[in-house]
Amino acid sequence: MSAPNPIVGLGGRTDHIATVPHLDPARLQLSPEEGSVLALVGRVERIDAVLSRSSLGEARTIAVLLALRAKGAIVPARVVQRAPPVAPVVDAALSEEVDLEPDQKRDIIEMERSLEKLDHHAVLGVARGASPQEVKQAYYNASRRFHPDRYFGKNLGSFRARLERIFKRLTDAHNALSRQEPPRAPATPPPAPPARAPATPPPAAAPPRTVTGGGFSAVSPPAASGARPPSGAFATVPPSAAPPPEDTESEARRAERQARLARHPYMARSHKLTELIARGRAATARGDFERAYQEFNHVLGLDPKNREVAQLLVEARRKHDLTRAQAEVERGQELEMRGDFSGAQAAYKLAVSLNGDNPEAAFQAARVGRELAQDAHEVLKLAQRAVELKPGRADYQLLLAQVLLVAGQKKQAKHHFEEVARLDPDNADARAGLKKLRWTFT
């Protein structure tokens, strides 16, 4: 049972949180504060222990933990005590709050754990010597279970990274088995040519004749028996042998070479990268930044040194966070209308963690936090941030002035009350605040 005063989005202070297994912090692009708090969590830790050991202060540490939870770096954990001396068993993955059924969670976890133990055939579930058609069908069936796009739009938490690893392993197995050629049958030696009758010996050649005339003599070659001598000064040269007929298998061989080239790992990989980049750019163009992030992240898994795609991935993540932050602000407003102020505050804080330059998110988080009597220092920082981002809003200035007044910073409060009066001369709250402070600065 959770302790009193639970933290929305994390649980009770005596509850446990755990780092997601096989987490890649570089892929999440954590800030220095997030990295330091994640190190305090370690494999698993109680929330109150993390808050007490953090040097950021309790309010800021809670905000960082909520940001890590939103990025899928940590999850609530259930520690099951077993008989000593066995250490506590953490069942973090199965207890993670995601849009998956328990059977789907177990299926994904078991598949991921078995990847290193299985060869290509076992991963796809085909027998050795399976035909290319069988390999393709098995890959198609497995993709229907483990392709990340099947769960598009759902909250997958740490299971998104698990699905990406599984699908990459399935793709590698499919590509490797598709490139294997079936064994060739041993070549049959050509039949021996039929025996020929012994050739008839040529007739004896006639002796050479000497031709005289004109002061010179020449020796003519002997003529074959029964052959006529040439009629002119030169003998006709017999035609050369005809060229061999065209190889009937040349076209088939060229086609086979082209097919092998298409199956070459480099060509297949290059085609796959081009396709993924094109899909990521198309998703970015239509505003589907979550899909774009998935495609570009897949490219970096295949080509980690691709700087262009690394920049595209950062940009897709930034735009995704901006869009998600605005959506969280709207969700917080809806929760407020339903009377769920704690849920609204969590949504506003999540929006601030996703986009620290959203003035509306900072203002709403400060306003609701003040109404819920939450940490005054954190409320003050949020109100100041809203005014820094948009100083021309009278309601932002008024909230900051009221928070400063409660904090005892009367001089600063007076300055912001005056700014509200300048922006909105008819603002009754500003006039009341200045009247209350009038005798303080006489």
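**Exercises on salt bridges**

Arg 46 counts as partly exposed because its relative accessibility is 33%, where buried means under 20% relative accessible area, exposed over 50%, and partly exposed in between, with a 1.4 Å probe and protein chains only. The model is predicted, so local features need pLDDT of at least 70 and side-chain atom pairs pLDDT 80 or more, while totals for chains, interfaces and linings use all residues. Residues are numbered from 1 along each chain as its sequence is written, and side-chain values use heavy atoms, leaving out hydrogens and water.

**Exercise 1.** Find the salt-bridge partner of Arg 46 and classify its accessibility.

*Solution.* Begin with the partner, which is Asp 48, with the closest N and O atoms 2.5 Å apart; a salt bridge needs a Lys or Arg side-chain nitrogen within 4 Å of a carboxyl oxygen of Asp or Glu. Next, Asp 48 is partly exposed because its relative accessibility is 25%.

**Exercise 2.** Describe the salt bridge between Glu 378 and Lys 349, and decide whether the two residues are buried or exposed.

*Solution.* First, their side chains meet at 3.3 Å, N to O. Then place the pair: Glu 378 belongs to helix α15 and Lys 349 to helix α13, so that distant parts of the chain, 29 residues apart, are linked (helices are DSSP runs of H or I, at least four residues, numbered from the N terminus). Finally, Glu 378 and Lys 349 are both buried.

Notes: Helix = DSSP H or I, 4+ residues; strand = E, 2+ residues; numbered from the N terminus.
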